[in-house]
Amino acid sequence: HENTESDSKNFIELKVNLDALQKSASDVFQLQCISIQEFSEGGFHKVYSLKIEGGKEYIGRVAFSVYPQWKKESKVAIMKYICLNTNILVPIVYYWNSSINNPVGAEYILMDHVH
């Protein structure tokens, strides 16, 4: 039985395979992702706190499928541009997937947790 979460918000349904998101984080960070908890939700995203072995914490930001693909790619490009060209503190993006045809089942970004 897969661990999935469904939510309808403004008639948009987001189905996230949390096991796949946890595995992706473990693969990207080369350490076991030991817990995943919903952190926040907005109009277009759900945000999850991903705790990794050793105590480090990252963010998994999963998008509702409104304006697919180009929205996620644009967001990543803007974050990288700001990081490289300004002194504004933005989270480091470690991995992103702009396809809904991935094991997570939605577009997502794995990035630093900025406090």
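In what sense do strand 4 and strand 5 pair, and over how many bridges? Strand 4 and strand 5 pair in the antiparallel sense, over seven bridges. Strands of a sheet pair through backbone hydrogen bonds, either parallel or antiparallel. Here, two strands count as paired if DSSP finds at least two bridges between them.

This is a predicted model: local features need pLDDT of at least 70, side-chain atom pairs count only at pLDDT 80 or more, and totals for chains, interfaces and linings use all residues. Residues are numbered from 1 along each chain as its sequence is written, and side-chain values use heavy atoms, with hydrogens and water left out.

Start with the whole chain. The protein chain has two helices and seven strands. Both kinds of element are DSSP runs, numbered from the N terminus: helices are H or I with at least four residues, strands are E with at least two. From the N terminus on, the order is β-β-α-β-β-β-α-β-β.

Five strands form an open sheet in the order 3-4-5-7-6, with antiparallel pairing. Strand 3 (33-41) and strand 6 (93-97) stand at the edges; each has a single partner strand, so one side of each is left without a neighbour in the sheet. On average, neighbouring strands of this sheet are turned by 20° against each other, direction ignored. Axes are lines fitted to C-alpha atoms, for helices over the stretch in contact, and angles run from 0 to 180 degrees between N-to-C directions.

Walk across the sheet from strand 3. Strand 3 and strand 4 (residues 45-52) pair over seven bridges, in the antiparallel sense. Glu-38 stands opposite Tyr-48 in strand 4. Val-62 has Tyr-108 in strand 7 as its bridge partner.

Which strand is largely enclosed by the rest of the structure? Strand 5 is, because five of its seven residues are buried. Buried means under 20% relative accessible area, exposed over 50%, and partly exposed in between (1.4 Å probe, protein chains only). Across the protein chain, buried residues make up 40% of the 115 residues.
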